[in-house]
Amino acid sequence: MEIFSGGVTNVGRVRTNNEDCFRIEEPLNLYVLSDGMGGEAHGEIASALAVEALVKHCQETEHDPAMTIFGDMPSNWSEKTKRLSSAVHLANKTIFDSAQAHPEQRGMGATLTAAWIDGPRLSVAHVGDSRAYLLRSGTLQQLTNDHSLVAEQVRRGILTPAEAERSDMQSVLLRALGAHEEIEVESEEHTLFGGDVLLLCSDGLTRMVTEPEIAGTLQAEPDPLKASERLVELANEQGGADNVTAVVVRVGSEPKGWFSWLRRGTRKTAQKNGSAGGK
Amino acid sequence: MAKLTLMFEQKTVKEVPVGSRPVGIGRSPDNDLPVDNLAVSNYHARVYFEAGRLVVEDLASLNGTFVNDLRVERATLHDGDSIWVGKHHIKVDASGDTSTFGDTGRRGATAPRINETMVLDTKARRDMLQQAAAMGERTQFAVGRLKVPTLVILSGNTDQKEYMLTNKLTVIGKSKMATVRLKGWFKPQLAAQVNQRDDGYYVGPGDKVPRVNGAPITGPMRLNDGDLIEVCGLRMNFIFRD
């Protein structure tokens, strides 16, 4: 499977600092996004810690598969999904411990949405209100659940999606990294098909740009970096109220016939303002 | 605090406040609001706070629970609503209510605008999770609520006759990775897809445009119990299995 990816993060048009952070870890086909929260520079610290801890754990387990798996998870999950979920538990612990050790960091936290592609299998692990989407045959499907109060109210039928969009409580999260020593991680496995497009994004995108606009942009722009740039532009054109980050991963069309092995392993990656969470 | 007043015609029968515990309504005398009428089931309905909203839930009663004129299984209550069970009704007074998480409702912004992202503290979160757990229990006990979405193959060449939809994404196609695997020459790798969303299951196009109940879909379409889906010579029913 050929994989092309690109990502952009931008401070937006209202905020002065960028608490979003993402990483495209090319050799592993690992894609990570985190949106930090907390006073002063602490949101930036939290999201950077989250991404760093997760990527580090995934890299280490590539060399040492016997490493401990953290958290309870179903035994029928693949090794990669277990690892990814485990890495989110570790990232949580890292932020929590840092806040304990540095009183001025109390209250800092972060969302974390990570995707790991292994052949046709996609593993997703997630906490918070950043999102992973899959565009397949023109249909955009959200793969993650928002761990926010309003999303929970919609799932229970207490609010309609329209009421949720107007709600004043959109920023209230039920789960985030760093808030508690233990955390519940949402994980899932999916099978990828040729032509699929994966999008990881922060709420700065989804609050400004509608899902049909996102689907249209991903379909119109085949280059992942240009697509992510376009999405960020759209969010800024429509207000840019928050930091905005988009990571786009495109799975090449399914290789046809016996010569498919010739093309295996080809890939292309681009990224802008990456792991440093630049402005 | 919200208050419920049981009325028979214009007469007040009983008044109870709604606290952290659900208020039970039914013919059995151990209900908080006992209703002495044969049209009312023993445990007919209950009212409780959930995520800051006052909710009424019908407990699979024989003759139903109505809010104002509408029969409901579950509904959010607002100040001034009337819940009808048999010939009795219960007036809802939520005027003095200060809810746990602030009112996010249709009556507009009473809660302060929160711009900064925040996480609910441990206690609020615990309450929320407890409510979720209680909700889960109720869902299992309520009649016919716990159902598994299933595709039943009526005609066509597939590897199984029935598929339970357990994943968020289900693909129908010839591909080895497809859940519903089509057999035969010239079948597309990815014919169509069924996706789970918060509000239900949607069928969407793949390389082909499926037909639902005879009509080609124009985009992802929400499936109802019993819908007939046709794609690539395959005919199947979408049903909720017990």
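Hi everyone. Before we start, one definition: a helix axis here is a line fitted to C-alpha atoms over the stretch in contact, and angles run from 0 to 180 degrees between N-to-C directions. Keep in mind, too, that this is a predicted model.

Who makes the contact? From α6(A) we have Glu213(A), Ile214(A), Thr217(A) and Leu218(A), and from α7(A) come Ala227(A), Arg230(A), Leu231(A) and Leu234(A). By type, that is 5 nonpolar, 1 polar and 2 charged residues.

Now for a second pair in chain A. Helix α1, residues 42–63, packs against helix α2, residues 79–101, at about 140°, with the axes 8 Å apart. This pair is therefore oblique, and α1(A) passes α2(A) in a right-handed crossing. The contact includes Ala50(A) and Leu54(A) on the α1(A) side and Val88(A) on the α2(A) side. Its residues divide into 12 nonpolar, 5 polar and 1 charged.

Nonpolar side chains tend to be buried together in soluble globular proteins. Here, the largest nonpolar core has 105 residues, and Ala50(A), Leu54(A) and Val88(A) are among those with the most contacts inside it. Helix α1(A) gives the most to this core, with 10 residues. Apart from it lies another core, of 24 residues, including Leu4(B) and Val92(B).

Definitions and conventions:
Residues are numbered from 1 along each chain as its sequence is written. Chains are lettered from A and ligands numbered from 1 in the order in which they are written. This is a predicted model: local features need pLDDT of at least 70, side-chain atom pairs count only at pLDDT 80 or more; totals for chains, interfaces and linings use all residues. Helices (H or I, at least four residues) and strands (E, at least two) are DSSP runs, numbered from the N terminus. Angles under 35 degrees count as roughly parallel, over 145 as roughly antiparallel, 65 to 115 as roughly perpendicular and the rest as oblique. A crossing is left-handed if the near helix is turned anticlockwise from the far one by less than a right angle, and right-handed if clockwise. Two residues are in contact if their C-beta atoms, placed from the backbone, lie within 7 Å. Ala, Val, Leu, Ile, Met, Phe, Trp, Tyr, Cys and Pro count as nonpolar, Asp, Glu, Lys and Arg as charged, and the others, Gly among them, as polar. A nonpolar core is a set of buried Ala, Val, Leu, Ile, Met, Phe, Trp, Tyr and Cys residues joined through C-beta atoms within 7 Å. A residue is buried if 20 or more other C-beta atoms lie within 10 Å of its own, exposed if 12 or fewer, and partly exposed in between; C-beta atoms are placed from the backbone.
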